[in-house]
Amino acid sequence: MKDSASARRHPAYFVTLIVATMLLTPLASAQTPSPQTPAAQAPAAPPPSADTPAARTLSADQQQQIENIVKNYLVQHPEVLQEAMDALDKHQKQAEADKARATIRDNNATIFNSAHQVVLGNPQSKVAMVEFFDYNCAFCKRALSDMLDLLKTDPDLKFVLKEFPVLGEGSVEAARVAVAARMQDSSGKKYIEFHQKLLGGRGPADKTHALAVAKEVGFDMARLEKDMASDEVKNTIDEDMKLADALGVSGTPSYVIGDEVVVGAVGLDELREKIKAERK
């Protein structure tokens, strides 16, 4: 990733390499037998040595020539830089998508069927959507209605929620309360009410706010406080964070649909299109 970032900052580097190759090719070609020389009479080419022109470092004059050619070419053809950047961006996106597919394949059971996750909708459905979210994420708040609409209009969808508290200590506290709430409610009916109120509410989400919402919804508060200190809460959040890291998820909300990672609050229509494509 470091090399790719460097390449993005210095796109002229690629053009320099191309021009250098063009200049060096005649030098290298000069060391090979002429096409008119019969193959049987051509002497065996000796291995390259430090004394051959193709192996020597470019001279100061040659380097200056390349710099002048690159400068003049880029001034006359600035569109080349955009073409190079577009090609690089396309290549990187394809590489990221390939990596995500491999990660989803290798971690399929944990992503879609972990014992430490919240499952809404139809748990038996073959089509599942996973959302990584943070209770303090403004875009997650905006995407909440997308999830609710999908659950309401698509009875054959399995919707999985995974905690990804990356926006500070308050987010971690809220996630711990949420996992403890899930532990009390295997049906998910009370949990979804808690989730809507906390994610859709005003103000920052933290332990105090999350506990107030849990009490309002009707959870057993003594048990909730006890469960918050359990290994189950720690293991759940640790598992979700490791999965997000393996998938390359760096922001919220992010979704996993089939063998694809979808980053950002892309909107209801695009999510529906992704689900439709997965059902084909």
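This is a predicted model: local features need pLDDT of at least 70, side-chain atom pairs count only at pLDDT 80 or more; totals for chains, interfaces and linings use all residues.
A crossing counts as right-handed if the near helix is turned clockwise from the far one by less than a right angle, and as left-handed if anticlockwise. I wrote that down before looking at α9, which passes α10 in a right-handed crossing.

**Entry 1: overview**

I started with the whole chain. I find twelve helices and five strands in it. Of its 280 residues, 36% count as buried. I also looked at contacts between residues at least 6 apart in sequence: 76% of them join residues at least 24 apart.

**Entry 2: α9 and α10**

Back to the pair I opened with. Helix α10 covers residues 221–228, and its axis comes within 10 Å of that of α9, crossing at roughly 140°. Angles over 145 degrees would count as roughly antiparallel, so α9 is oblique to α10. Which residues make the contact? From α9 I noted K207, L211, A214 and K215, and from α10 M221, L224, E225 and M228. Sorted by class, that contact has five nonpolar, no polar and three charged residues.

**Entry 3: D227**

While on α10 I stopped at D227, which has its place in this helix. Buried or exposed? The relative accessible area of D227 is 11%, and buried means under 20%, so D227 is buried. I then asked what D227 touches, leaving aside its neighbours within four places in sequence: the contacts are A180, M183 and V233.

**Entry 4: α7 and α9**

Next I took α7 (residues 169–184) against α9 (residues 207–217). Their axes come within 8 Å and cross at roughly 25°. Angles under 35 degrees count as roughly parallel, and α7 and α9 are therefore roughly parallel to each other. The crossing of α7 past α9 is right-handed. On the α7 side the contact uses E173, A174 and V177, and on the α9 side K207, A210 and L211. I count by class four nonpolar, no polar and two charged residues there.

**Entry 5: α7 and α8**

I stayed with α7 and turned to helix α8 (residues 189–200). The two pack at an angle of about 160°, with their axes 9 Å apart. That is over the 145-degree cut-off, which makes α7 roughly antiparallel to α8. Here too I noted the hand: the α7 and α8 crossing is right-handed. For the contact, α7 supplies A174, V177, A178, A181 and R182, while α8 supplies Y191, F194 and L198. The classes come out as seven nonpolar, no polar and one charged.

**Entry 6: the sheet**

Then the strands. In what order do the five strands of the sheet run? I read β1-β3-β2-β4-β5, in an open sheet with mixed pairing. The edges are β1 (118–121) and β5 (260–263), each pairing on one side only. On average, neighbouring strands of this sheet are turned by 25° against each other, direction ignored.

I zoomed in on one pair. Strand β4 (residues 254–257) runs antiparallel to β5, and the two share four bridges. Within that pairing I found Y255 opposite V262 of β5.

**Entry 7: a helix across the sheet**

Last stop was helix α12, residues 268–279. Which strands does α12 lie across? I noted β2 (128–133), β4 and β5, with α12 running at about 20° to β4.

Technical notes. Residues are numbered from 1 along each chain as its sequence is written. Side-chain values use heavy atoms; hydrogens and water are left out. Two strands pair if DSSP finds at least two bridges between them. Axes are lines fitted to C-alpha atoms, for helices over the stretch in contact, and angles run from 0 to 180 degrees between N-to-C directions. Contact means heavy atoms within 4.5 Å. Angles under 35 degrees count as roughly parallel, over 145 as roughly antiparallel, 65 to 115 as roughly perpendicular and the rest as oblique. Ala, Val, Leu, Ile, Met, Phe, Trp, Tyr, Cys and Pro count as nonpolar, Asp, Glu, Lys and Arg as charged, and the others, Gly among them, as polar. Buried means under 20% relative accessible area, exposed over 50%, partly exposed in between (1.4 Å probe, protein chains only).
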